[in-house]
Each structure stands twice: as structure tokens, then as C-alpha cells.
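Please read it beside the coordinates.

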Amino acid sequence: MSAAKKTDKPVAAETMPSGTTSGTPQILLAHHLKQLRLPTILREYDKVAREAAHEGIDHTAYLLRLVELELIDRERRVVERRIRQARFPAVKSLDTFDFVAIPSLNKMLVLELARCEYILRRDNIIALGNSGTGKTHIGLSLGLAACQKGFSVSFTTAAGLVHQLMEARDERRLLKLQRDLVAVKLLIIDELGYVPLSTTGAELLFEVFSQRYERGSTIVTSNLPFEEWTSVFGAERLTGALLDRLTHHVHILSMNGESYRLTQSAHRRKIAAIGVDDQPAVEAVDPDTGEITSR
Ligand code: ADP
Ligand code: MG
């Protein structure tokens, strides 16, 4: 067959064998830094050089500063990539979680879990409670913490995962999906219990738990207490075997309480009902006299 096509166009610098590029030092440097995948150094070297000259910093310290900037940026990019790969429906963190609103939840345990040591021990977490009590929020927050600590994470709902598994089975790529699901360090399965599963669906989901047993951590959130899990999985034996694996090394987050959504919207309705003209008086303390005044 014919060799490389002849063309009148000039050959791009990228296609040159290394060492044969030509141009000014800036162009060469930009090219080499791109090839070495050091985008932060490329973006910052000129500015940092001016700062270094101004501060009288020597070449080694200048190089160190640039390399440190690249490392910090690279870590940030890796975390961002992990967050994208986790497919969170929203990014939520514990910073915005109001523990006072859900007294049944053990705050100290949640904060300890956010340190992610349970992932090293391959422990599981199950969050149980009625709708709207922040189970998904906690799952997302622990998932985000895991991404930031360097663990691979995958977030899915029970129904979504079963759908994915059935589709993969029909398309003869179930083994590959199962391998991927085992490989992830933290698998978050949200909303187990809202939809009853078909026999095949239950078996496929059971296999996921079984394959991940003592290999990786799984977080499950459910609106159903354990006694009612049989209604989701159908068979009692299967449910028993599943609970056996899932709860062998487990941290239970008990999240029964008032729905945060309902409480918040009731609060908003109350404020709206009071009306603009009927605002409660604002109290202020006179800094000199200590007297409380209404305005
Ligand atoms: P669940 O998964 O238990 O049904 P969600 O986590 O979806 O509940 O919570 C419903 C909404 O209320 C979400 O927007 C969530 O961020 C918010 N929310 C729930 N509980 C809290 C809380 N204690 N502090 C702050 N936001 C909360
Ligand atoms: Mg939820």
C-alpha cells in the first residue's frame, strides 16, 4: 500500500520527532511543557519568574515554587475527575448538613466516617430512615469525602443499578460491569426499597453485594427497616444471605425523624403567612446601656 501521503501543508511541530522542533525559546518551552503535561507551570512560569526576580529568589527556589504549584493543581484535577466519575446527582458536603435537624443521627460517627478509614477496612454503611431525612445528602457527602481522600467512588440508585445490570446481561457485557463494580473502592447504592425488584433484578443485585463482600465498601440508603427488606428482594433466603454479607462489618446510621423538606417548606409557608407588613419586631441590644429595644 502507499506510504504517507504527500502534502504541501507545513508539518506541525507536534509531528516532529523530539529534538527537531524549532522556534523561539518561549514557543519551545510551551511545546515541551505541553508534551510533559505540565499545564500549571506553562500558565504560571512567566508570572512566577517576575515575582522571583522581584523577591531575589534563586533558580532552585523558583523551580520549586513552580513544581509545587503544578502538584497542587494536579491533585485538584484528580479530585475533580474522581467526582465526575462518581456520577453524583448533586455535589453535597457535610458543611451544609444541619445535624440539629436530625437528632437520631450519631454526628460523631458521621464525622468519623468522613475520615474514610472504614474504606481501608472495607466496612459498609447503611443509612436507614423515612423519606426526606437527609440519607442521600449523607451518602453524597461521604462520597465526596472519599473522592477528596483519593478513593474511587460510584454513586447509583438501587433501581438504576438493577437496570444497568439487566441491560449489561442482555448485551452480554455483564462480567465487565461486575468487574467494574467490584473494582470501585466505594459503591453508594441509594434508595433501596422504593421499588420492589424482579427475581432476576434481586439476584443480580445480590451478586454485586456478594462480590464486593470484604473487597470494597458499600453505602446503602433505605427507607425500609431490615425486617421489610424481604419485600424488596422477594425471597427470604436471598434477603437473609444478603443481609449477612452486608452487615458483617457495618456502621448503621439511624435517620428517622421529620422530613427536612417538609419542615423547611412549612417554615417557608409560615413566613409567607406572617406577611411583609406583619414582620416580628427586630430586637437590638444597646451596647452602652445593655437595654433591649424593639425596632
Ligand atoms: P432522603 O434521601 O432521606 O429522602 P435527602 O437527603 O434527599 O433525604 O434530603 C432532602 C433535601 O433536604 C435535600 O435537599 C437535602 O440536602 C436536604 N436535607 C435533608 N436533611 C438535611 C439536614 N439535616 N441539613 C441540611 N439539609 C438537609
Ligand atoms: Mg434520598
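1. Helices (H or I, at least four residues) and strands (E, at least two) are DSSP runs, numbered from the N terminus. The model is predicted: local features need pLDDT of at least 70, side-chain atom pairs count only at pLDDT 80 or more, and totals for linings use all residues. Residues are numbered from 1 along each chain as its sequence is written.

2. A pocket is an open set of points on a 1 Å grid over the protein atoms alone, where a 1.4 Å probe fits, with protein on both sides within 12 Å along at least five of seven lines; lining residues have an atom within 4 Å of a point.

3. At least two residues each come from α6 (135-148), β3 (186-192) and α12 (260-274).

4. The second largest pocket has a volume of about 290 Å³. Among its lining residues are Q85, R87, F155 and D180. Both β2 (153-157) and α8 (174-183) supply at least two residues to that lining.

5. Helix α7 (residues 158-170) packs against α8 at about 145°, with the axes 7 Å apart (lines fitted to C-alpha atoms over the stretch in contact; angles run from 0 to 180 degrees between N-to-C directions). In this contact (heavy atoms within 4.5 Å), L161, Q164, L165, A168 and R169 of α7 meet L174, L177 and L181 of α8.

Methods
Chains are lettered from A and ligands numbered from 1 in the order in which they are written. Side-chain values use heavy atoms; hydrogens and water are left out. Grid points are joined across faces, edges and corners, and a volume is the space filled by probe spheres set on the points.
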